[in-house]
Amino acid sequence: MNNKLEYQDLFNKVTTLEDINDDLIFEIINNLSIKEKIILKLQGSIEVGKILIYGWKGRLPFYLFKCPDHGYQINYPSGHYMSLHCPKCLDQKTQPTESSPEPLMNDIKIEA
Ligand SMILES: [Zn+2]
């Protein structure tokens, strides 16, 4: 349980998504308990704390997970299925391949 508090101390320094860098990820991995490492292996991800990013309305839970290409990454669940995406993979994508279809607006008509 003490580990959670340590992460929260680390996260209190985070104000933008750019602050979540390799150094922070490295520090968090070094602070994982054996139990947390097992959960990470079994589940593929583990919540490491809640972060308030500048401009956000509230804190969001952030998860540590392993990207097959970039190693361990930290991000928050996003998208239609609230899934975890590697920030570095997202940066590399010049063209969005999994863009969600626009909602059908055919039923909405504005009458004058
Ligand atoms: Zn990646």
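In what order do the elements of the protein chain run from the N terminus on? They go α-α-α-β-β-β-α. Keep in mind that this is a predicted model, where local features need pLDDT of at least 70 and side-chain atom pairs count only at pLDDT 80 or more, while totals for chains, interfaces and linings use all residues. Residue numbers start from 1 along each chain, as its sequence is written.

View 1. Helices (H or I, at least four residues) and strands (E, at least two) are DSSP runs, numbered from the N terminus. Of the 112 residues in the protein chain, 12% are buried. Here a residue counts as buried if 20 or more other C-beta atoms lie within 10 Å of its own, exposed if 12 or fewer, and partly exposed in between, with C-beta atoms placed from the backbone.

**View 2. The open sheet has its 3 strands in the order β1-β2-β3.** Pairing here is antiparallel, and two strands pair if DSSP finds at least two bridges between them. At the edges sit β1 and β3 (71–75), each pairing on one side only. On average, neighbouring strands of this sheet are turned by 25° against each other, direction ignored. Between β1 and β2 there are 6 bridges.

**View 3. Zoom in on I51 and you'll find L60 of β2 standing opposite.** Setting aside neighbours within four places in sequence, I51 is in contact with F11, V14, R59, L60 and F62. Contact means that the C-beta atoms of two residues, placed from the backbone, lie within 7 Å.

**View 4. The largest nonpolar core has 10 residues in all.** Its members are Y7, L10, F11, I20, I28, V48, I51, F62, L64 and I74. At least two residues come from each of α1 (2–11), β1 (45–51) and β2 (60–67), and α1 gives the most, with 3. A nonpolar core is a set of buried Ala, Val, Leu, Ile, Met, Phe, Trp, Tyr and Cys residues joined through C-beta atoms within 7 Å.

**View 5. Helix α2 (residues 22–31) lies across β1, β2 and β3.** This helix runs at about 105° to β3. Helix α3 (residues 34–43) packs on the sheet too, touching β1 and β2, and its direction makes about 115° with that of β1. Such angles run from 0 to 180 degrees between N-to-C directions, using axes fitted as lines to C-alpha atoms, for helices over the stretch in contact.

**View 6. What follows α3?** It's G44, with a positive phi near 90°. As for α3 itself, 0 of its 10 residues are buried, so this helix lies largely in the open.
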